[in-house]
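Hi everyone, thanks for coming.

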Amino acid sequence: MPINPDLKLNTKMFDEKVEQIPIRQGFGEGLLEAGEENLQVVGLCADLTESTKMDLFAKKFPERLIEMGVAEQNLASVASGLAAMGKIPFISSYAMFSPGRNWEQIRTTICYNNQPVKIAGSHAGISVGPDGGTHQAIEDIAITRVIPRMVVVSPCDAIEAKKATLASVDTGTPVYIRLAREKTPIITTGTTPFEIGKAQIYWQSTKPQVGIVATGALLHKALLATKELEGKGIEVEVMNLSTIKPLDEKAIIELAKKTGRIVTVEEHQISGGMGSAVAECLVKNFPVPMKFIGVDDQFGQSGTPDELIKHYGMDTESIIKAVTKILKQ
Amino acid sequence: MDNLNDNKIKFLEQKANDIRISIIDILEDAGSGHTAGPLDMADIFTVLFFHTLKHNPKEPAWPERDRLVLSNGHICPVLYSTMAHAGYFPIKELKTLRKFGSRLQGHPHRDFLSMLETSSGPLGSGLSQAVGMALADKIDHGLTSNRRIYALLSDGELECGQTWEAAMLAGKEKLHNLVAVVDRNNIQIDGYTEDVMPLESLSDKWRAWNWHVIEIDGHNMEEIADAFETAKAIFGKPTVIIAHTIAGKGVKEFERDYRWHGKPPNKEEKRMAINELRTLGGKIKSEHE
């Protein structure tokens with residue numbers, strides 16, 4: 001199987017009983033470790049300490065945890081003030097509210113001010129499920145990547161989320177870390193290399209006809225689709241693009257050159273998201289036919305994660321269809 | 001900090017007058033900007049930079065310094081003028097205000113002038129940033145901290161909900177090291193604050209969030225300095241100084257008129273205003289004589 005052997009990925013990722021952990025759990029564990037390693041790390045939460053998994057840090061370091069109440073605008077700007085005094089603040093809430101509700105405060109008091117605040121947006125994507133459309137942030141990649149200085153990371157599983165959280169401590173920049181609520185399959189392992197700004201090929205192929213660029217938990221569905229396509233004699237190469245900004249342009253151009261066709265996969269509005277970032281890069285450097293898997297200019301609704309992923313065309317079947325269609329173009 | 005004797009008061013009044021002249025001068029030069037707020041905050045800025053603040057203009061990044069956060073960034077002509085007169089940068093640089101490539105951006109920006117504590121402009125977020133600084137100071141030094149974080153706010157921006165989010169948190173966290181100053185000049189762009197959106201009873205609102213409230217005449221040097229001293233003695237609470245000011249203070253023709261909120265003087269108005277300030281023909285002199 002052409003899983004990239006150098007990356008020490010989870011060998012059981014295709015098992016029916018693959019281990020599943022919520023991506024937000026990785027953030028919680030990463031923040032706890034960051035707090036142990038660096039005394040300047042502080043946590044700020046807006047009445048969602050447990051569900052954003054900041055509770056792990058809160059229990060160990062109550063003196064470095066600030067409970068803000070339901071006040072996301074204050075959350076962003078207070079963090080800016082803490083950073084101005086040398087702290088490394090992590091703020092967490094649901095992505096819909098932070099960076100959703102407090103976008104201008106993030107733009108002005110964090111990014112324009114050049115303060116290294118780390119923004120953890122949990123419950124991103126449509127897979128939040130039964131809570132419905134109000135709580136499903138599917139615009140967050142677009143609104144964060146457009147702000148100068150912001151680094152945007154969208155980990156594919158809990159293990160990568162932990163690494164991303166730890167790596168974000170030392171960037172000296174604002175960082176947005178996109179997290180999801182639901183349990184999702186573990187794709188990587190503790191020894192899989194991770195670097196902010198570096199894309200990696202998770203599924204290799206000698207003569208790929210299509211390149212899939214995926215971000216977040218849907219990477220697993222992209223890999224499942226690829227495995228099925230392999231059975232049909234269609235060769236695909238799959239990239240994990242966990243850092244959406246700064247974009248690893250070199251790796252994306254290389255993939256486009258090698259495959260000649262690109263399909264992007266993300267749990268986000270098609271407009272303005274990761275696929276748009278990839279398109280912006282390729283249009284400038286090496287235009288190829290593209291297809292975009294994501295939500296097509298709609299709001300979400302209640303349902304199970306699986307129902308919603310299927311309804312909005314982001315399931316394995318939809319990815320397979322997109323690859324087959326692009327091959328016919 | 002030295003004592004506030006009669007000589008010092010005279011010195012401060014003269015400085016405030018000089019700063020007002022700079023404000024008028026550079027606003028006319030820039031051809032755009034805000035006049036009323038900078039003029040009415042000149043006395044408070046003067047007391048802060050020439051009496052109260054622990055700072056060093058020759059070493060702006062001195063780690064022990066107090067912090068000053070200007071929330072309503074649009075009154076930056078008074079911030080820039082006071083900083084220049086205090087020795088942070090040459091007074092002649094004030095003439096570059098709002099021009100391309102200038103360190104003195106239309107609203108303060110740290111990328112251009114690194115000695116600023118924050119960039120600001122969009123209203124309502126300065127108090128939050130000051131709360132963050134006060135929290136950091138409290139985490140590091142606890143109740144023994146002698147540092148003060150000053151947040152300067154307009155009255156109009158108290159209509160932003162975020163200000164009250166910050167006020168709530170500061171009260172909850174008992175930030176004794178935080179001092180907010182509200183420029184109660186009663187005007188905003190669209191008119192008088194009580195017509196646009198009534199703010200009274202303002203002091204009760206702050207008290208309700210567990211703040212110590214001091215109300216002063218924002219043009220009386222002694223009252224201003226005393227209020228900052230009192231704030232240092234308040235334990236277990238943040239302090240807000242509601243400074244009653246006269247919009248456009250110092251130039252009779254501009255005073256109390258909300259139309260001077262957001263426009264600069266033209267050449268003729270500048271000549272008239274500077275003449276009034278130079279001869280001390282305005283109220284500043286007569287009130288203290």
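Okay, let's start with a pair of helices. Helix 3 (residues 72–84) of chain A and helix 4 (residues 103–112) of chain A pack with their axes 9 Å apart, at an angle of about 5°. Axes here are lines fitted to C-alpha atoms, for helices over the stretch in contact, and angles run from 0 to 180 degrees between N-to-C directions. Helices (H or I, at least four residues) and strands (E, at least two) are DSSP runs, numbered from the N terminus. So helix 3 of chain A is roughly parallel to helix 4 of chain A; angles under 35 degrees count as that.

Before I go on: this is a predicted model, where local features need pLDDT of at least 70, side-chain atom pairs count only at pLDDT 80 or more, and totals for chains, interfaces and linings use all residues. Residues are numbered from 1 along each chain as its sequence is written, while chains are lettered from A and ligands numbered from 1 in the order in which they are written.

Now, the sheet. Chain A has an open sheet of 7 strands, mixed in pairing, in the order 3-2-4-5-7-6-12. Two strands pair if DSSP finds at least two bridges between them. Which strands stand at the edges? Strand 3 (65–67) and strand 12 (243–245) of chain A do, each with a single partner strand, so one side of each has no neighbour in the sheet. From one strand to the next, the twist averages 20°.

Further in, strand 5 (residues 118–122) and strand 7 (residues 175–178) of chain A run parallel, joined by 4 bridges. There, I119(A) stands opposite Y176(A) of strand 7.

Conventions:
Parallel < 35°, antiparallel > 145°, perpendicular 65-115°, else oblique.
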